[in-house]
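The following paragraphs are meant to be read beside the sequence and the coordinates.

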Amino acid sequence: MELQVTNSPFNQEQAELLNRLLPGLTDVQRMWLSGYLTATQGAALAVQPGAAAAPAATAAAAPAPSAPVSKEVTVLFGSQTGNSQGLAKKVSAKLEEQGFQVTLSSMGDFKTNNLKKVQNLLIVVSTHGEGEPPDNAIPFYEFLHSKRAPKLEGLKYSVLALGDLSYEFYCQTGKDFDKRLGELGAQQLTPRVDCDVDFDEPAAEWMNKVLDSLSAGSASVSVSVGETSAITGPSVASEYSRSNPFRAEVLENLNLNGRGSARETRHIELSLEGSGLQYEPGDSLGVYPENHPQLVEELIAAMGWQADEAVTINKNGEKTSLYEALRTHFEITVLSKPLLEQAGKLVPGSKLKDFVEASSQQELRAYIQNRDLLDLVQDYEELKGIPAGEFVQVLRKMPARLYSIASSPKAYPDEVHLTVRTVRYEANGRNRYGVCSTHLAERVAAGDSLPVYIQANPNFKLPENPDTPIIMVGPGTGVAPFRAFLGEREETGAEGKTWLFYGDQHFATDFLYQVEWQRWLKEGVLTRMDVAFSRDSAEKVYVQHRMMERSAELYQWLQEGAAVYVCGDESQMAHDVHATLQTILMQEGGMSPEEAAEYLTRLQQDKRYQRDVY
């Protein structure tokens, strides 16, 4: 029955609200609401002055269920690119909708002496580099693994771990947190869930289980989380996301390197017009690439498949041709231990299965490195009898590639620019290449379109105060976000000093965006620039060497409150730069190694030391 003013005791506004709410309730929710209203009505009658007592028979016949007790939940996230932070915000919002009192915090901002007071803890954390925690998770991670960590027998917790299955230390940080909390006496609220790069569905399932478990302690309410809603990109009104990318038109695709360079770096300009997508300097763009047609054709031929055979590409049962599936939907250039394990199970008495079970981690790592699916099926011919529809089910969905955005939205409205170095090399007797970088360099021209989305990165942002000095360290394509930073500061008229350390191989052929840096130096947008071209001198010179040469001035900038930004290769450059900063603090500030390390940790906690490394 639809409620109206004429057939109910409600006014027009109340009737409209109830008519919108009631049809969408589940049976469990209706029962709970009925009991809740009975309980609150009984409580109101009990305290109303002069009210007659309810008949004993009535009270006994309709015992009121107790109203749900509000619980406190702490949600901590450790995030490098923003995915973990977005998911933490999502689960926090769902909890608050159900009446929970939620404390949401970055691990870097969380006061560790409050941990003993926490009863319910949710951890959402990614894994970075070689199984390492993200920058803003390091202080909490180190505290929890130190002797200062308290016993946590009264704590209930659950961990959502984000990672990349193609890496050896998949979701390692989340696994470490789960193990350590258990060692300290905490009890799992729900089991840990490990997510690959396509994390929407498992993350939603984890949220459902967490919310059900927490709700069970206060009321039998089942909360459903949409499985396809992705938390990526800034909170703006756009229908496009990681799970629903926008087809962006390519406006420009240029090679930034000069003739004779050993490198090829593409400057790509894309139109976001009509998408509703917005971004800030420091954010990234996700690009879904296509596998090389030649590799797809060689793989189909090696397996004896038919290119036009229809295969299923997702859990919804959608189908497309095998050629299209291998070209755009599945990853075929990266091997992983789980892939080898699953492929080995497809063949009875598989030699591949025996190899995986008998091999050490080191042996598996050596085989997987620089090999792709074509290598695998050529090395293990037993796989060639597997039907295409069965084989593709063990393949991973094609992951997007993230690139630091090289433009300011204020300088280039409705556009987004990328700086992408083309990866090509030879290994194991075949030419290899980066899937996305080669796709962009060889098969994308102005007028074409690419599926893209905005990946917000709240951990790599310009200071809120435009007068704050900034020091930027970005060799090679790591300079991309600093082109965005300076473009933004130019447009906003920021007064803070700026200092850029840039490096590459040769001044003559590899000085990316040279004209723009020179213009900004002339106009004062860029206060200072130090460059290092490693192949132009007898001894290789890198950005960290230039930093040491300017150690006194750099330390003075830090004393003046400068923020430090580092972008680029994590495995070597970022570690070298970090070590150089520590050395400068010791040399110029007279600090001990421990004091210098603590100083850098405080800079990170104060968001004065931010890194966008990969």
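The model is a predicted one, in which local features need pLDDT of at least 70 and side-chain atom pairs count only at pLDDT 80 or more, whereas totals for chains, interfaces and linings use all residues. Residues are numbered from 1 along each chain as its sequence is written, and side-chain values use heavy atoms, with hydrogens and water left out.

Strand S20 (residues 563-568) is joined to S21 by five bridges in the parallel sense, where two strands are taken to pair if DSSP finds at least two bridges between them. In general, the strands of a sheet pair through backbone hydrogen bonds, either parallel or antiparallel. Here five strands make up an open sheet with parallel pairing, and their order is S19-S18-S17-S20-S21. Strand S19 (528-533) and strand S21 (609-613) stand at the edges with a single partner strand each, so one side of each is left without a neighbour in the sheet. On average, and with direction ignored, neighbouring strands of this sheet are turned by 10° against each other; axes are lines fitted to C-alpha atoms, for helices over the stretch in contact, and angles run from 0 to 180 degrees between N-to-C directions. Helix H16 (residues 480-492) packs on the sheet, where it touches strand S17 (470-473), strand S18 (498-504) and S20, and its direction makes about 155° with that of S17; contact means heavy atoms within 4.5 Å.

Arg180 lies in helix H6 (residues 172-183) and counts as buried because its relative accessible area is 17%. A polar atom of the Arg180 side chain is 3.4 Å from the backbone oxygen of Ser146, and, when residues up to four places away in sequence are not counted, Arg180 touches Leu144, His145, Ser146 and Ala149.

What does a search of the whole structure find in the way of salt bridges? It finds 38 of them, a salt bridge being a side-chain nitrogen of Lys or Arg within 4 Å of a carboxyl oxygen of Asp or Glu. One joins Arg396 to Asp196, with the closest N and O atoms 2.8 Å apart. This pair links distant parts of the chain, 200 residues apart, since Arg396 is in the loop between helix H14 (388-391) and S12 while Asp196 is in the loop between strand S6 (193-195) and helix H7 (200-216). Arg396 counts as buried because its relative accessibility is 16%, and Asp196 is likewise buried, at 14%.

The side chains of Asp198 and Lys397 also meet in a salt bridge, at 4.0 Å from N to O. Asp198 is in the loop between S6 and H7 and Lys397 in the loop between H14 and S12, so that 199 residues separate the partners. Asp198, with 37% relative accessibility, counts as partly exposed, as does Lys397 with 43%.

A further salt bridge connects Arg432 with Asp372, whose closest N and O atoms are 3.6 Å apart. Arg432 belongs to strand S15 (residues 430-433) and Asp372 to the loop between H12 and H13, 60 residues apart. Arg432 is buried, with a relative accessible area of 6%, and Asp372 is buried, with 4%. Elsewhere, Arg528, Asp530, Arg546, Glu549, Arg550 and Glu553 are linked in a network of salt bridges.

Asn370, in the loop between helix H12 (361-368) and helix H13 (373-379), has a positive phi of about 60° although it is not a glycine, and its relative accessibility of 32% makes it partly exposed. Asp414, in the loop between strand S12 (401-404) and strand S13 (415-421), has a positive phi near 60° and is a residue other than glycine; at 47% relative accessibility, Asp414 counts as partly exposed.

How values were computed:
Helices (H or I, at least four residues) and strands (E, at least two) are DSSP runs, numbered from the N terminus. Buried means under 20% relative accessible area, exposed over 50%, partly exposed in between (1.4 Å probe, protein chains only). A polar contact is a pair of N or O atoms within 3.5 Å; within protein, one must be able to donate a hydrogen and the other to accept it, and residues adjacent in sequence count only if both atoms are side-chain atoms.
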